[in-house]
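Please look at the two chains shown below.

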Amino acid sequence: MVSPQQHHDHVYDLKLLSVGPGHVTGSDVVHDLTGLDLAMKLHYLKAVYLFSSHAAEGLTIMNMKEPMFCWCNDYFMTCGRIKRSEPSGRPYIKCNDCGIRVVEGVCDKTLDEWIEMEDGSRWNLLVYHRVIGPELSFSPLVYLQVTWFKCGGISLGISWAHLLGDAFSVSDFVNNWGRCMATLKANGSPTVAPRSQTTVPKPQPLSAKQVNHVGDLWVIANNCKMETFSFNLTTQHLSNLEDEHNPVSAFNLICALIWRSIAKFREGFEPQVVTVCRKDPNHDNNILGNTQVIRSIKADFSVVESDLNKLASLIAGDQNQGRDERNMIEASVEKDNGLTDYIIYGSNLTFVNLVNAGLYEMELKGKKPRFAYYSIQGVGDEGAVLVLPGPPPQGSTVIMAADEAIW
Amino acid sequence: MPPIFTDFSASCNLKYVKLGYQYLVNHILALILVPVMVGVVVEVVRLGPEEIVNLWGSLHFDLVQVLCSSFVVIFVVTVYFMSKPRSIYLVDYSCYKPPVTCRVPFATFMEHSRLNLRNNPKSVEFQMRILERSGLGEETCLPPAIHYIPPTPTMEAARGEAELVIFSAMDSLFIKTGLKPKDIDILIVNCSLFSPTPSLSAMVINKYKLRSNIKSFNLSGMGCSAGLISIDLARDLLQVHPNSNAVVVSTEIITPNYYQGKERAMLLPNCLFRMGAAAILLSNRRSERWRAKYRLVHVVRTHKGADDKAYRCVFEEEDKEGNVGISLSKDLMAIAGDALKSNITTIGPLVLPASEQILFLLTLIGRKIFNPKWKPYIPDFKQAFEHFCIHAGGRAVIDELQKNLQLSPEHVEASRMTLHRFGNTSSSSLWYEMSYIESKGRMKRGDRVWQIAFGSGFKCNSAVWKCNRTIKTPTDGPWADCIERYPVHIPEVVKL
């Protein structure tokens, strides 16, 4: 069925189908969800990769489908559906080969025109997104939209349920698909993040917030209107920043800047606690799961009047300020066996560092994407900021997507 | 203990009596001839060679008599050989193996069903019940157009599917047999529900650049038993045309026939019918005798169309909303049983050994003359055939035939496993079943195979083949990558 377009008709002619594993996964295979996975269940990741017409030459949906079946053999858990176990009601994934939903679409603009457009919400047209529920066992966890542009370029839009894995997992997922397309061979299953058993009681995490029971419709109820916008930072901007505030890195400076700006804007209600997410340096590539480090950082001083360097080094955690709350979140969720609903992104102002997520590693016909854009769907009221790498060769250009409350 | 023991020994005794009776009756000629031959040889040896020569001389043959009698003998022998029907050989056949990109797991089928029929939850429930009990597995395939939500059954997509399945099967047949396209004298294509203009046989002729004087036929609308009707037609043509090759292509094109409405009687085919095709090379050439796999022995066709209920039991029509679908009536099983009885009444005398025929005749006479309440004797067809290929129309069909013919699970294994792996591929399913038996290494020289197919009309058609040479397990073919996994246990109800 064609999804109704609200105010844009730039993307039209949507066709839906399902793609699953080529091999039978088996009748009793399940993928258990850890406490951390369940804490992320109300969040979704949206990723868009734009490829120029050179990369997309000769590509049709048929010749994209065959490698997908190969790729889904490795990622069979993304092709499953949520079920609740009896009698506890804890959700898990039944790997029943149901498949990921693939959507084909056509856009009436060229790639250049699309990138020039001002409207921040246009990215939503390139990613077919539906929340999980109200029928859990009939809700796909991953949607993949392939949109053909007027100039011959294409975009790949992925909507991914965060309970499967974090943005680093999504990046691996997409890069593996690129490899499957090139070689038509499976690359071997991703390593599933270990399921840890935390029985030791832990203190309450600051980064996770309980929300009202959402039942079987996994969507966040916001108290205020949320909007996404993004802006670019050129290499020049970044090197200016770094020169001024040596030796702190760009990411920490940007976060500090934004934190201070928001604190100024919300005078009297400045956020004292923020959450910072970044890649776990101890984990190898090709891991599927929620393995990113989630640290909550508390400022004991006034953020508005603080020095940028001080704030940035607080965020960087140079003196081990801020605690890695992953185990605490896990323990909180496990306390009542996953029955309470939590949000992580937006429970406090959240910063996510995706600079080293490998966003430009995917290759189509040996060509890298022209542009890669990630955003989070379903963010709490405090908002979230993603710091993404820019397209090569200007590797240090930074683009940010922010979900911010409009007060 | 004693009663069971006596029962056991009684049944043992009965078994041996039965075996003895069968051996006696089936080999009666040998049993009579052997003593006679022995007697003659003993007599000849006793008489001695000079006595034999004297005996011969005393018969007073003259030249004319000798010439006339030898002329008569030669004449009779020639007439016999000329009027004997030509032997029809099945050189080889190949079945289409769908790619994994067409695979439809249960979960995907149900999810698509829910989205396509979102306003009819009862119909979706019904489809789920059917699928759970259908006997299909998770690897059956539907054509690409049906994978869309909602399906996009254009004529172009239907032609695309036809080209894909038919050309793949034919390419594979050419490789297996070394047949050149120019050597095809007769071409028969059967596809019941898709009949474009130009026909599918014209499509094949165009693709492979076949000869302009080819005898081509396209059978449509004849249901799942059309495969055997095509074999029958090929046989008749090969009687008329000496030294010829005939290629038969059996398939069913799913794309244009996927029912898009909500009537329950019409939703059943959606759950069962899947992609498939088979291409078969038949020949009457003497040179093929050595490498042919099978020889066609009998084809028996039974049509119950004269009966109105049988005629309407599988009926293509529009539902209230104008969607075209195939409506299956509730008496389908009863009518199938009836058609089967007619068919085996005709085929029985052709294939059953004398022992079974005598028993059947005696009980028939007994029922007519003495006591109509005697149970009718069901001949034991396991005596006549080593292998059975029952059209994989659905689990109910196979169960019904297994019960009626008193077959063991091993006999119907080929049918059940074909239904599990490929679904109901209509007229080509018999060939997937043959391929299963060959892949299991069970096909030996001299084995007799019985193919039975049912089709709309209502028809029941049978073909009997005799295996010409022991067949080595094939390394290619539709079962090559999965035969080790079979047979699988198929539960009564699959939990979805």
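Strands here are DSSP runs of E with at least two residues, helices are runs of H or I with at least four residues, and both are numbered from the N terminus. Two strands count as paired if DSSP finds at least two bridges between them. S8(B) and S9(B) make a hairpin with five residues between them, and B:Gly322 in the turn has a positive phi of about 90°.

This is a predicted model, in which local features need pLDDT of at least 70 and side-chain atom pairs count only at pLDDT 80 or more, while totals for chains, interfaces and linings use all residues. Residues are numbered from 1 along each chain as its sequence is written, chains are lettered from A and ligands numbered from 1 in the order in which they are written, and side-chain values use heavy atoms, with hydrogens and water left out.

Within chain A, strand S6 (residues 100-107) runs parallel to strand S7 (residues 142-148), and six bridges join them. A:Val106 has A:Trp148 in S7(A) as its bridge partner. S6(A) also pairs with S1(A), in the antiparallel sense and over seven bridges; there A:Lys15 stands opposite A:Glu104.

Where does the sheet pass from chain A to chain B? Strand S1 (residues 11-19) of chain A and S2(B) run antiparallel and are joined by two bridges. A:Leu16 is partnered by B:Ile149, and A:Leu17 stands opposite B:Tyr148.

The contact between the chains (heavy atoms within 4.5 Å) takes 25 residues from chain A and 19 residues from chain B. Together the two chains bury about 1900 Å², 58% of it on carbon and sulfur atoms. Buried area is the accessible area, taken with a 1.4 Å probe, that two parts lose on being put together, summed over both.

Four salt bridges are found across the interface of chain B and chain A, a salt bridge being a side-chain nitrogen of Lys or Arg within 4 Å of a carboxyl oxygen of Asp or Glu. A:Asp97 and B:Arg103 meet through their side chains in a salt bridge (2.8 Å, N to O). On the side of chain B that touches chain A, the elements that give two or more residues are helix H5 (106-116) and strand S2 (148-149) of chain B. H5(B) supplies the largest share, seven residues.

Over all chains the structure holds 30 salt bridges. Within chain A, the side chains of A:Lys41 and A:Asp341 form a salt bridge (2.6 Å, N to O). This pair links distant parts of the chain, 300 residues apart: A:Lys41 lies in the loop between helix H1 (35-39) and strand S3 (44-51), and A:Asp341 in strand S16 (residues 341-343).

Finally, an unreviewed UniProt entry lists residues 386-466 of chain B as "domain: Beta-ketoacyl-[acyl-carrier-protein] synthase III C-terminal". UniProt positions are given in the numbering used here, feature names are shortened, and annotations may be inferred rather than shown by experiment. Over residues 386-466 the chain is 40% helix and 25% strand, with the end C-alpha atoms 10 Å apart.
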